[in-house]
Amino acid sequence: MNLRRQLLLVSLLTLMLPWAGCEFIRETEIALRDGQRQMLADTARAVAGSMVQHSEEFPVSDGSFGAGDQLYVHRLEARPKIDGYFDDWTLPSASLRSMRGTDGPIHFAVASFSQATYLYIEVTDRNVVYATPQSLLIDGASRFADRVTLASSSPPYLKEAISFVAEAPGKIISYKQSVYGFEPEPTISAFWQDIPGGYRVEARIPSGQLGTHLGLSVQNTGNALEPGTRSSSFTGRAPGPAMSKIQELDRIAGLYVQSDTRLIITDTQGWRIGAADELVAGRGAQSGAGLAMRIYDLLLERGKEAAFAEPDPSGREQQPYVSAALEGRETGAWFRSVDTGTAIVAVAAPVTVGDKVIGAVVLQRGTDAILSLRNEGLSRLINVTLITTLVVAGALLGYATWLSRRIRALSIAAEDALETENLASALPSALAEDEIGDLSRSFSWVLQQLGEYNEYLRSLASKLSHELRTPLAIVTSSLENLEHEELNEASLGYTARAREGADRLRRILSAMSEASRVEELMQHAEPERFDLQAVLDSTTKAYRDVYKDRTFEFTSSVASAQASGSPELLIQMLDKLVDNAVDFSEDGDTITLALQEEDNALLIAVTNPGPRLPERMRSQLFDSMVSMRSSNDSRHLGLGLYVARLIAEGHGGHISADNVEGGVCFTVSIPSGCNPGATKR
Amino acid sequence: MAKRIAIVEDEAAIRENYAAAFSREGYVVDGYEARRPALDAFESRLPDLVVIDINLKDDVEGGFELCRELRARAADLPIIFLTARDSEFDAVSGLRLGADDYLTKDISLPHLMARVAALFRRLDAMQKPHGTESRITRGDLSIDTERMTIHWQDQPVGLTLTEFWLVHALARYPGHVKNRQQLMDAAQAVLDDNTITSHVKRIRRKFHAIDERFDSIETVYGMGYRWISH
């Protein structure tokens, strides 16, 4: 990973800013909401306390009925038409209660308007069996029909049932069963409507006809001969008391309710027995919309879906916080709608008489104000931190780019200096006072040391040969003098051997100083123009004479190659290369010299079959005192190819070695018509 | 009368060795280890030949200095540089100061003796009248082997002993290629390729000074040189 990416990654840390801001806002909001809930709780407690005066209004439960045995009588806003349709009831369809029927679910609702009670029931029935005159009444009948029965009682006295059967779809006559038996009840109007897979019944019953306890049962038969099975809204033999809003409590709720709050009074089962609604719904939508809203929602704590705060359409409040209140604990809840932005704080407080819970007061308040405040703050915060983040990231990126460019420039310059061996050259950032400047200076220092070391190595051979020459002269001259003395046989042998050794030493010394002499020659050489082609041709012939056990081939792709420089030196260079080629090839091998012209450069290639060059040696091959020959070959000090390189570079060219198919190829490239004086070192 | 040779050399072992070799040849040898004592001695009496090392103790260029002073005092005194310094630059400087030869310490004693003898021979021949029997003529070139002098178009070419022998070896058989080894043998010196090359270059330059169209020494690349008579 480069420096730029690293710093970019680091700059991501600035994203902590919006996160921290969100945390702060969230904390603030929670605190605000807590405050509001506290206030709400105080109010709810006060309302619950005042409810004690109206405790007689609360329905008394003897505990013999569960909530499931009870029906809730909704209050309608308008008079529905008795036509078998539910759509003119001012109730949401969720208000329909369902129970299990023989052939599928049965949905029903009971409501009141004015002085009448309305019934709507939707029965799933695969096979609707209509009544015949025999089955119209249930008493003594041997035939059966599909039947809906509304059980009504006011224990312990009254116990009645109103039965709805149809001889045909449409208006039907209802029968009331009382202690006096079945008789048609003309005050009840009812409508039977067939629908695919069942039927619907809608009925209007004057409230006076009904008792306090209501229950619904459905008789479903497959054919007229069997009694069929019965589904019922209550479990016992008798239904529980019907629940509905109690006018007095509703009125009281209306008194206590404040703006933008909703007040619900429930009985011990959670049945809504009083309610007043001043909540303004969906007001939060203005504070943020679309994408921004979604971002905030991702960032902020979610509440429960706001729809759950609505009064339960079944008439019974079953939210956990209400249930908790009914168990005697005052509890709060927090609702929020992602789509509309509606947010509601809710508190439920138990209404207790003595230590008995007789109901609960549920108080809800819209918190859109906080939300909008929060969103406004949030959007400002997000904008500011986003800009900050971008600016910081951009600045870091730019800084990193600048930094990495400097470092790269430094590394490139250092590599260049190494490559061109121009080790004293100034590196970039050398004057900078920062760490990169330090780095540059240490680089320079290292390069300089390296240069000095290289220079030392380069001059070592000639210095050494120079220093050794005098002692060697002492040895040789002494030996030569010794030969003129009277010596016995053995001494003659020793002196001869000593002479041989001294001779070899002399040759080595002269090889060692060759490089420096070539350099010197190069500096003083006056370039002459000559035909390289002719030189190579003639030299190849000479090599054939010298190395009789090798075959030499000379191929040239040019007719004549005008070069400028010192032919003698170039020949000396060739000598080194050919000497090398001969050493690494076998008797009878063919050594090829080739000349070609390419891009204003003359390429001289010497190719010999033989072992490949080790890859790691290739770059140092032409350095001073580097030899890839086996170490016991004392004739070579690794100066031959170095001299070849000096000559090639002295002619403004360069030398390289490559492995080729089955051998090694040394290539020297010199500019055609070059001037060696122009490239003095 | 025996010739007197002075050796100015700071390295006692070498000085003694050379002195022994010269004595064996019948020369009288005086050894000096520095410039000052040598000059003091030469004040009273000049030797017949001086062998000088360039590097004299702390006097790095003392040999050059000595050569210059001697040359100023005696124009004909044969002076030979015998030194460990093998650089082209030193050789050129030495010869330019008027030395008759510039030898490196690689040279063997017999070679050195031959050189010294040849120098004396040339000196002696200078005093004798011209003899034609010792003369080789090749076109514009004439070589006096007795005096070891060379003329081109009747003008003397100032060659050192080594250069003389190289030209002599080439011109004796015109058209024949002499390789480096042969030339080295002729010059009675151990010279490497580069030294031969620069010797030939220097010879050509000296001829060019007399005749700009001189091109009698031809390079046969990879083999050697040959003399071409026009």
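Two residues are taken to be in contact if their C-beta atoms, placed from the backbone, lie within 7 Å. By that criterion, the contact between the two chains of this predicted model takes 26 residues from chain B and 28 residues from chain A. On the side of chain B that touches chain A, helix H1 (12–24), helix H4 (88–96) and helix H8 (193–210) of chain B each supply at least two residues, and H1(B) gives the most, with seven residues.

**The two chains**

The table sets out the overall figures for each chain.

| Chain | Residues | Helices | Strands | Buried residues | Contacts joining residues at least 24 apart, among those at least 6 apart |
|---|---|---|---|---|---|
| Chain B | 230 residues | eight helices | twelve strands | 42% buried | 56% of contacts |

As for confidence, the mean pLDDT of chain A is 82, and 90% of its residues reach 70 or more. Two stretches of chain A stay under 50: residues 284–288, for which the model has 17 contacts beyond four places in sequence, and residues 674–681, for which the model has 19 such contacts.

**The parallel sheet of chain B**

Chain B contains an open sheet of five strands, paired in parallel and ordered E2-E1-E3-E4-E5. Its edges are formed by strand E2 (28–32) and strand E5 (101–104) of chain B, each of which pairs on one side only. Neighbouring strands of this sheet are turned against each other by 20 degrees on average, with direction ignored. Within the sheet, strand E1 (residues 4–8) and strand E3 (residues 49–52) of chain B pair in the parallel sense over four bridges, and B:Ala6 stands opposite B:Val50 in E3(B). Helix H5 (residues 109–127) of chain B packs on this sheet, where it touches E3, strand E4 (79–83) and E5 of chain B, and the direction of H5(B) makes about 175 degrees with that of E5(B).

**Covered strands in chain A**

Strand E12 (residues 213–220) of chain A is mostly covered, with seven of its eight residues buried. E12(A) takes part in two antiparallel pairings: with strand E5 (residues 147–154) of chain A the pairing runs over seven bridges, and with strand E13 (residues 229–232) of chain A it runs over four bridges.

**Helices of chain A**

For helix H8 (residues 489–512) of chain A, the end C-alpha atoms are 35 Å apart, which agrees with the 34 Å that its 24 residues should span at 1.5 Å a residue. Among the residues of H8(A), A:Arg506, A:Leu509 and A:Met512 are buried, and the buried residues of this helix pack against helix H7 (435–482) of chain A. An α-helix has 3.6 residues a turn, so residues three or four places apart point the same way.

Helix H12 (residues 640–650) of chain A has ten of its eleven residues buried, so it is largely enclosed by the rest of the structure. The buried residues of H12(A) include A:Tyr642, A:Arg645, A:Ile647 and A:Gly650, and the buried residues of this helix pack against helix H9 (514–524), H11, strand E26 (654–660) and strand E27 (663–671) of chain A. H12(A) is followed by A:Gly652, whose phi is positive, near 75 degrees.

**Nonpolar cores**

The largest nonpolar core has 84 residues, and those with the most contacts inside it are A:Met573, A:Ile647 and B:Val8. Helix H11 (residues 567–583) of chain A contributes the largest share of this core, nine residues. A:Met573 touches A:Ala644, A:Ile647, A:Ala648 and A:Val668, not counting residues up to four places away in sequence. Of these, A:Ala644, A:Ile647 and A:Ala648 are among the buried residues of H12(A). Apart from this core lies another, of 80 residues, among them A:Phe58, A:Val73, A:Ile246 and A:Val351. In soluble globular proteins, nonpolar side chains tend to be buried together.

Notes:
Residues are numbered from 1 along each chain as its sequence is written. Chains are lettered from A and ligands numbered from 1 in the order in which they are written. A residue is buried if 20 or more other C-beta atoms lie within 10 Å of its own, exposed if 12 or fewer, and partly exposed in between; C-beta atoms are placed from the backbone. pLDDT is the predictor's confidence in each residue, from 0 to 100. Two strands pair if DSSP finds at least two bridges between them. Axes are lines fitted to C-alpha atoms, for helices over the stretch in contact, and angles run from 0 to 180 degrees between N-to-C directions. The expected span of a helix is 1.5 Å times one less than its number of residues. A nonpolar core is a set of buried Ala, Val, Leu, Ile, Met, Phe, Trp, Tyr and Cys residues joined through C-beta atoms within 7 Å.
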